[in-house]
Amino acid sequence: MGKTAEHMLERRSERQALKWQRKLEQFRRIQRQIEMEAADILQSENFMRMKEYLQHGNMTVNAHVMNVARYSIYISEKLHIRCSRRELIRGALLHDYFLYDWHVPDQINPHRLHGFYHPGVALRNALQEYKLTIREQDIIRKHMWPLTVIPPGCREAWIVTAADKWCSMMETMHMHRGHGTVLPKLREG
């Protein structure tokens, strides 16, 4: 390989390293915002319980709502949408606060129409634990639009709805991996 080709490869590697460094810094900055605005939610027993339930593919509900919160912040920043960052984050974290495994039907919750009714269940559960603003309630109640017939009524709810659709698609197609994925159990013996 000539010196020119080696130099080009080095420059490409340096650019790639800088790109990954910027992405890592952005992730950490967004994570700090989430922790600052929603420490009470992140530390709650029920929020931690959401690690027990699968959402899409092999992603837990807990990991899904964290992804939605991160992407909601990213969308609002990238598109320069002015909104309440605190309400955006808290609504995103609580949008799927239904606290059951919707893949396993039982006598009380047959879960056949989970997509239609889980926003109401999530809102009821969240209202029992947190004092929610009107915007936060709108985010939770309407994040499944158009399944929920009435569309989101604020910017924050539109952003979370879009982020939820994106994350759900990526998780279902197993294109979004990372923290919160449930690894298959290894066979013993």
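This note goes through the fold, the core, the salt bridges, the cysteines and a surface patch of a predicted model.

1. Basis of the values. Because the model is predicted, local features need pLDDT of at least 70 and side-chain atom pairs count only at pLDDT 80 or more, while totals for chains, interfaces and linings use all residues. Residues are numbered from 1 along each chain as its sequence is written, and side-chain values use heavy atoms, with hydrogens and water left out.

2. Fold. The protein holds eight helices and zero strands, where helices (H or I, at least four residues) and strands (E, at least two) are DSSP runs numbered from the N terminus. Of contacts (heavy atoms within 4.5 Å) between residues at least 6 apart in sequence, 63% join residues at least 24 apart.

3. Burial and surface. Of the 189 residues, 43% are buried, the classes being buried (under 20% relative accessible area), exposed (over 50%) and partly exposed in between, with a 1.4 Å probe and protein chains only. The accessible surface comes to about 12,000 Å², and 58% of that surface belongs to carbon and sulfur atoms; the areas come from the Shrake-Rupley method with a 1.4 Å probe, and for residues only the protein chains shown count as cover.

4. Core. A nonpolar core is a set of buried Ala, Val, Leu, Ile, Met, Phe, Trp, Tyr and Cys residues joined through side-chain atoms within 4.5 Å. The largest one has 38 residues, and Ile34, Phe47, Leu93, Leu94 and Tyr97 have the most contacts inside it. Helix 4 gives the most to this core, with seven residues. Leaving aside residues up to four places away in sequence, Phe47 touches Ile41, Leu42, Asn62, Val65, Met66, Leu93 and Tyr97.

5. Helix 5. Eight of the 10 residues of helix 5 are buried, so that this helix is mostly covered.

6. Salt bridges. The count is eight salt bridges, each defined by a side-chain nitrogen of Lys or Arg within 4 Å of a carboxyl oxygen of Asp or Glu. One of them joins Asp40 and Arg90 (2.8 Å, N to O); Asp40 lies in helix 2 and Arg90 in helix 5, so the pair ties together parts that are 50 residues apart in sequence. Asp40 is partly exposed at 39% relative accessibility, whereas Arg90 is buried at 5%.

7. Further pairs. Glu156 and Arg135 form a salt bridge whose closest N and O atoms are 3.3 Å apart, and this pair links helix 8 with helix 7 across 21 residues. Here Glu156 is buried at 4% relative accessible area, while Arg135 is partly exposed at 38%. Glu77 pairs with Arg85, with the closest N and O atoms 3.2 Å apart, and Arg29, Glu77 and Arg85 are linked in a network of salt bridges.

8. Cysteines. With a disulfide taken as a pair of cysteine sulfur atoms within 2.5 Å, the count is zero. For Cys83, the nearest cysteine sulfur is that of Cys154, 9.0 Å away. Cys83 is partly exposed at 23% relative accessibility, but Cys167 is buried at 0%.

9. Surface patch. Trp166, Met169 and Met173 form a nonpolar patch with about 310 Å² of accessible area together. Patches are made of residues with over 30% relative accessible area and no salt bridge, with like charges joined within 9 Å and nonpolar side chains (Val, Leu, Ile, Met, Phe, Trp, Tyr) within 5 Å. Trp166 belongs to helix 8 (residues 155-172) and is partly exposed, with a relative accessible area of 40%.
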